[in-house]
Each structure stands twice: as structure tokens, then as C-alpha cells.
Amino acid sequence: MAIQHTLYISATRLKKDSAIGGSVDDNLIMPYILLAQDMQILPILGTDLDAKLKTEIQGGTLDNQYKTLVEDYIQPALVQFSFVSLVPYLRLRFVNNAVVVMGATDQSSSASYEDLEPVMNTATDAAEFYRQRCIDYLRDNTSSFPEYSSNTGADLDPTVNNYFAGINLEPTAPRSNRVKSFLQGADITVYGC
């Protein structure tokens, strides 16, 4: 029995709205759409709203504010997040007992990860921009989406956190005199310390 997944975008949409070429196999693309959807979109929707949207998509009854949410807010973010998830794997194929770099010919060479990184960073910035728009839309229209705030128990509550810079700056200054002395000795200035 096959596992049924409901995706907010198709491989065709990803190819149309990103730099992914039309010749890339849909079977290679689909797992990365699912990965991006689960990791990047589900947390901002929460379990109940995600389930509501998927049920309406499966039933062909997606309309009104739910259709606006999917088409104008979720899909643009998911396209970019899926692109970022997929790009590193486009140049690799995992076969039997090896990982093969694809695309190198006598006239060209495969792009390195360093070549792809700026493209991925730009797409991540765009994805986070669209995800923030989605968060803002949901927060401004919570009365239109009762499922947004109906999560209970083990359900995933929607997050309003979007951007991550890779560094955690605690809002409080160190309280320990030992830490303060160390920071001063290292010539590090902390506001409020």
C-alpha cells in the first residue's frame, strides 16, 4: 500500500517558479518538497491548520481564505524552501556503493557546493521573506482560521519565529562576577555588564 502525501506545490510548480530545469525528474524533486513542507511550513501553520488545508486539498474543496493562504502565502515560501533543499542533491546520485557527481563532460564541469552556496543563500532569504508574510497574514487574520489556535496535546503549535541567523544572543548580561571578569580580561564589552 502506497503512502499518501498531500503537497502544497507540485514538481511542475517548483520547476516553473525556480531555477530548477524542466528536465529534472519529478521523482527526484518530490521528497525535497515534502521535506521542506514538513520542516519549514508545518511549524508556522500548526497541526490543525495543516490538517485542515490538506483535507480540503484532497477533497477538492479549497476555497476562500484557505485558498488565498495556500496560493498567496504558503506556495511562494515552499517553492524557495524546496529549491534550497533540493539544490545540493541535484549534482549527486547515490548508486549501489558509491556517490557519483553528475553533469561533468568534456566541455563543462559540475558546480561545486561553493558555487551553489550563494544561490542557496539568496533562495533562503526569499523563502524566509515569504514565510514571514505568511506568519503576518495568519496573525492578522486568526479569526478567519480557527484551526490556527485550536491545537492541543501533542499537536504542533504554530510558531511566529522566522529568521535564524545562526547565533544565539541572550538578552541578559552575565550576572556572575567570574564571567564578568573573564569578559573584561578578554576585552569583550557586554551591554549592561
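1. A word on ground rules. This is a predicted model, in which local features need pLDDT of at least 70 and side-chain atom pairs count only at pLDDT 80 or more, while totals for chains, interfaces and linings use all residues. Residues are numbered from 1 along each chain as its sequence is written, and side-chain values use heavy atoms, with hydrogens and water left out.

2. The second largest pocket. Its lining divides into 9 nonpolar, no polar and 1 charged residues. Here Ala, Val, Leu, Ile, Met, Phe, Trp, Tyr, Cys and Pro count as nonpolar, Asp, Glu, Lys and Arg as charged, and the others, Gly among them, as polar. The lining residues are Ala19, Ile20, Val24, Phe83, Val87, Leu90, Arg91, Ala111, Leu116 and Val119. A pocket is an open set of points on a 1 Å grid over the protein atoms alone, where a 1.4 Å probe fits, with protein on both sides within 12 Å along at least five of seven lines; lining residues have an atom within 4 Å of a point. About 150 Å³ of space lies in the second largest pocket, a volume being the space filled by probe spheres set on the points, which are joined across faces, edges and corners. H4 and H5 each supply at least two of its lining residues, and the largest share, 3 residues, comes from H4. Helices are DSSP runs (H or I, at least four residues), numbered from the N terminus.

3. The largest pocket. About 210 Å³ of space lies in the largest pocket. Helix H2 (26–45), helix H4 (64–90) and helix H5 (113–140) are the elements that give two or more residues to its lining. H5 provides the largest share, 5 residues. By class, the lining has 7 nonpolar, 4 polar and 1 charged residues; among them are Leu35, Met39, Phe81, Tyr113, Glu117 and Thr124.

4. H2 with H4. The axes of these helices come within 8 Å and cross at roughly 130°; axes are lines fitted to C-alpha atoms, for helices over the stretch in contact, and angles run from 0 to 180 degrees between N-to-C directions. That makes H2 oblique to H4, since angles under 35 degrees count as roughly parallel, over 145 as roughly antiparallel, 65 to 115 as roughly perpendicular and the rest as oblique. H2 passes H4 in a right-handed crossing, meaning that the near helix is turned clockwise from the far one by less than a right angle. Contact residues (heavy atoms within 4.5 Å) include Tyr32, Ala36 and Ile41 of H2 and Ala77, Phe81 and Leu86 of H4. The contact divides into 16 nonpolar, 4 polar and no charged residues.

5. H2 with H5. These axes come within 10 Å and cross at roughly 15°, so H2 and H5 are roughly parallel to each other. Their crossing is right-handed. Gln40, Ile44 and Leu45 of H2 meet Arg131, Cys134, Ile135 and Leu138 of H5, giving 5 nonpolar, 1 polar and 1 charged residues.

6. H2 with H3. The axes of H2 and helix H3 (residues 47–59) come within 7 Å and cross at roughly 110°, which makes H2 roughly perpendicular to H3. Gln37, Leu42 and Leu45 in H2 touch Thr47, Leu49, Asp50, Leu53 and Lys54 in H3. By class, this contact has 4 nonpolar, 2 polar and 2 charged residues.
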